[in-house]
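Student: Hi, I have a model open and would like to talk it through with you. Could we take it piece by piece?

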Amino acid sequence: MRTEEAMHPGVRWIGPDTDLRTIARIMKEEDIGALPVGENDRLIGMVTDRDVTLRAFANGDDVSSLTARDVMTKEIVYCRTSESVEDAIHLMESKKIRRLPVINDDKRMVGMLSLGDVSHCTSQELAGELAKAVSGHHA
């Protein structure tokens, strides 16, 4: 199966100047744990609920002045629509990530492949391996 068939389409973007309160509200309303950050029609980062917690609140910063740019992960790991789900899973395992943006041939983000998506389209064994890999302690 290709990632395009397993991903959830229609991912919402935020700008790098989006404040943390807005980010948290979007995550709550849409029941999601990650938001892609785009600027000039390019994916420049990803903000996860973990990023907000660890890079804003845990540091004791004044969160009222922080934006997506301040807390986002800048190194974007992604897969292509034409790649197999198995290849995407191996990438997620090696990078220890739970959500993977999916890019089409025009270099446009068209969806997101999550741990939940993988659990619905692959064997229990493969989904379990991924869950174990991304849930372990990070170095």
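Student: Let's start with a loop. Where is K107 found?

Tutor: K107 is found in the loop between β5 and β6. Helices here are DSSP runs of H or I with at least four residues, strands are runs of E with at least two, and both are numbered from the N terminus. Before we go on, this is a predicted model, where local features need pLDDT of at least 70 and side-chain atom pairs count only at pLDDT 80 or more, while totals for chains, interfaces and linings use all residues. Residues are numbered from 1 along each chain as its sequence is written, and side-chain values use heavy atoms, with hydrogens and water left out.

Student: Good to know. What is the phi of K107?

Tutor: Phi of K107 is near 65°, a positive value in a residue other than glycine. Most residues other than glycine have a negative phi. K107 belongs to the hairpin of β5 and β6, which has five residues between the strands.

Student: And is K107 buried or exposed?

Tutor: K107 counts as exposed, because its relative accessibility is 65%. The cut-offs are under 20% relative accessible area for buried and over 50% for exposed, with partly exposed in between (1.4 Å probe, protein chains only).

Student: What about D41, what is its phi?

Tutor: D41 also has a positive phi, near 60°, and is a residue other than glycine. D41 sits in the loop between β2 (34-39) and β3. With 57% relative accessibility, D41 counts as exposed.

Student: Back to β6. How many of its residues are buried?

Tutor: Five of the six residues of β6 are buried, so the strand is largely enclosed by the rest of the structure.

Student: Which strands sit beside it in the sheet? What's the order?

Tutor: The sheet is open, has four strands in the order β1-β6-β5-β4, and its pairing is mixed. Two strands count as paired if DSSP finds at least two bridges between them. The edge strands, β1 and β4 (79-80), each pair on one side only.

Student: How many bridges join β1 to β6?

Tutor: Two bridges join β1 (residues 8-9) to β6, and these strands run antiparallel. H8 has M112 as its bridge partner in β6, and P9 has G111.

Student: And the pairing of β5 with β6?

Tutor: β5 (residues 99-103) and β6 are antiparallel as well, with five bridges. One of the partner pairs is L100 with L113 in β6.

Student: I've clicked on S114. Which residues does it touch?

Tutor: S114 touches H8, M92, R98 and R99, leaving out residues up to four places away in sequence; a contact means heavy atoms within 4.5 Å. S114 lies in β6 (residues 109-114). S114 is buried because its relative accessible area is 15%.

Student: Switching to helices. Which residues of α2 are buried?

Tutor: The buried residues of α2 are L20, I23, I26 and M27. Down the axis of α2, they fall within an arc of 125°, so they line one face of the helix. That arc is taken from the directions from the helix axis to the C-beta atoms.

Student: Why would that spacing put residues on one face?

Tutor: An α-helix has 3.6 residues a turn, so residues three or four places apart point the same way.

Student: What does the face turned away carry?

Tutor: The face of α2 turned away from its buried side carries the exposed residues R21, K28 and E29. The buried residues of α2 pack against β2, β3, α3 and α4.

Student: And which residues are buried in α3?

Tutor: In α3 (residues 49-57), D51, V52 and A56 are buried. Their arc around the axis is only 95°, which puts them on the same side of α3. They pack against α2 (20-30), β3 (42-48) and α4 (68-71).

Student: Zooming out, how many helices and strands does the protein have?

Tutor: The protein has seven helices and six strands. Its radius of gyration is 15 Å, close to the 14 Å that the globule rule gives for 139 residues, so it is as compact as a globular protein of that length. That radius is taken over C-alpha atoms, and the rule is 2.2 Å times the number of residues to the power 0.38.

Student: Last one: what share of the residues is buried?

Tutor: Buried residues make up 40% of the 139 residues.
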